[in-house]
Amino acid sequence: MSSSPTETTVQVEMPKMGISVSEGTILEWRKRPGDWVEAEETICDVTTDKVDVEIPSPASGRLAKIVAEPGDTVPVGEPIAEIDTGAKPGESHPDESHTEGSAAGPVAEAPPAAEEADRSTFYSPVVRRIADKHGVDLAQVHGTGIGGRVRKKDVLAFVEAGGATAEQPAERPLHIESPYKPDEPAAKPAEPAVAAGDGKTTAEPAPSAPAEAEAEAVRREPMSPMRQAIAQHMLDSRRTAAHVTTVVEVDMSRVAAKRAELKETMKRRGVPLTYLAFVAQATVETLQEFPIVNASIEGSDIAYHDDVNLGIAVALDPEGLIVPVIPRAQRLSLEGLAAAIADVAARARSKQLEPDEVHGGTFTITNPGQFGAVIATPIINQPQVAILDLEAIVKRPVVVEGPEGDSIAIKPMAFLPLSFDHRALDGTTAAKFLSRVKERLEGGVG
């Protein structure tokens with residue numbers, strides 16, 4: 001606990017960051033005790049279960065004490081630091097200890113940085129993600145944070161200075177080849193047992209790998225707060241919902257033709273037109289016909305929602321994924337949906353979402369097809385009752401019925417799996433819902 005604030009001390013509290021957010025975890029401090037800070041200047045970074053947030057100082061003054069260290073999870077409203085508003089800019093001020101009970105003596109300058117706790121190997125998820133993307137060895141980066149901690153700006157400066165080794169590929173391979181080659185000779189059989197002098201047979205002991213090599217084969221890192229939250233949320237969903245997945249196959253020929261027709265016009269308006277936008281429009285329209293699929297379960301009740309608050313799953317490689325919500329999606333046109341999807345995806349990847357933008361969804365669409373996946377069984381985003389999966393659009397030979405009989409044609413096809421909660425709806429309803437989505441897409445949507 002922190003000491004009681006004086007008349008000139010203002011406590012920095014963990015702020016309320018959204019309706020559903022009750023706590024935050026300190027990622028890093030941008031200021032040290034003894035540093036001067038201006039009102040509204042960012043003093044630390046906090047992560048919630050989904051987004052990172054910059055915390056501003058509530059007043060101008062000198063940072064007197066840090067109460068919560070990086071990695072600490074603090075409830076909303078609890079103190080994380082203290083600002084001495086009675087101090088003046090330019091005054092010499094002792095660098096107070098992070099821990100309580102340390103008296104501030106009449107020291108003219110801050111203690112050496114070496115006396116601070118060594119944080120040079122404490123890396124936030126943001127720093128790790130940037131380093132992974134650019135192939136940066138974080139041990140080579142000079143940290144300017146407290147205790148030598150490497151901050152986001154340190155990694156970016158290192159990259160701009162040409163310190164990155166190599167860009168990693170944008171996409172991982174879809175599969176890994178088996179090490180077995182059919183033209184290679186079979187493995188040499190094990191040596192037979194050898195008779196010992198006493199007539200007993202003994203087997204030649206297999207050579208064991210050195211202990212050092214075995215130790216180097218495993219690298220352990222703590223899960224990020226986001227990864228932990230995703231893990232818990234997915235486990236809770238599997239325990240809670242009666243998961244069932246049903247799939248339809250859709251001919252995307254008319255959607256492809258319409259996209260080709262509108263793509264350049266929308267591009268000039270600054271709106272990228274993706275296949276996902278067409279699927280979103282068809283889904284939103286169909287959800288209004290099947291309100292049970294846009295519902296949620298609350299105890300023993302089913303809550304029906306008037307608005308379609310559409311969640312769009314966005315991959316944040318390597319941290320995981322986040323699901324920003326497009327509110328009242330039923331009011332948007334195709335162009336409006338395309339613009340909204342591009343906006344939330346870009347802001348999700350640049351860590352600019354507000355906490356409330358990842359809550360309140362009534363239905364979710366995920367899009368692993370952009371990475372080459374062809375079929376999946378997604379987990380429902382609780383407390384919703386269904387999630388739709390857009391898989392890769394692949395050209396395949398299909399049977400086409402015509403007045404003169406059947407023929408084979410090459411068509412852009414895609415699977416649409418729908419995972420649903422059997423507690424809220426049955427397979428018949430799910431199949432009818434998917435069939436209507438398919439109908440709309442094969443008709444070019446609107």
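I take buried to mean under 20% relative accessible area, exposed over 50% and partly exposed in between, with a 1.4 Å probe and protein chains only. The model is predicted, local features need pLDDT of at least 70, side-chain atom pairs count only at pLDDT 80 or more, and totals for chains, interfaces and linings use all residues. Residues are numbered from 1 along each chain as its sequence is written, and side-chain values use heavy atoms, with hydrogens and water left out.

**Entry on M252.** I looked up M252 and found it in the loop between β11 (243-251) and α5 (253-268); helices (H or I, at least four residues) and strands (E, at least two) are DSSP runs, numbered from the N terminus. M252 counts as buried because its relative accessibility is 1%. Leaving aside residues up to four places away in sequence, I noted that M252 touches Y275, V279, I393, P412, A414 and L441, where contact means heavy atoms within 4.5 Å.

**Entry on α6.** I next examined helix α6 (residues 275-289). Of its 15 residues, 11 are buried, so α6 is largely enclosed by the rest of the structure. V279 is among the buried residues of α6. I recorded that their cover includes α5, β14 (310-312), α7 (334-349), β18 (363-366), β19 (386-389) and α8 (427-442).

**Entry on a sheet.** I then traced an open sheet of four strands, ordered β5-β4-β2-β7 with antiparallel pairing; two strands pair if DSSP finds at least two bridges between them. Its edge strands, β5 (52-56) and β7 (73-75), each pair on one side only. I found five bridges between β4 (residues 42-47) and β5, and T42 stands opposite P56 in β5.

Definitions and conventions
Expected span 1.5 Å × (residues − 1).
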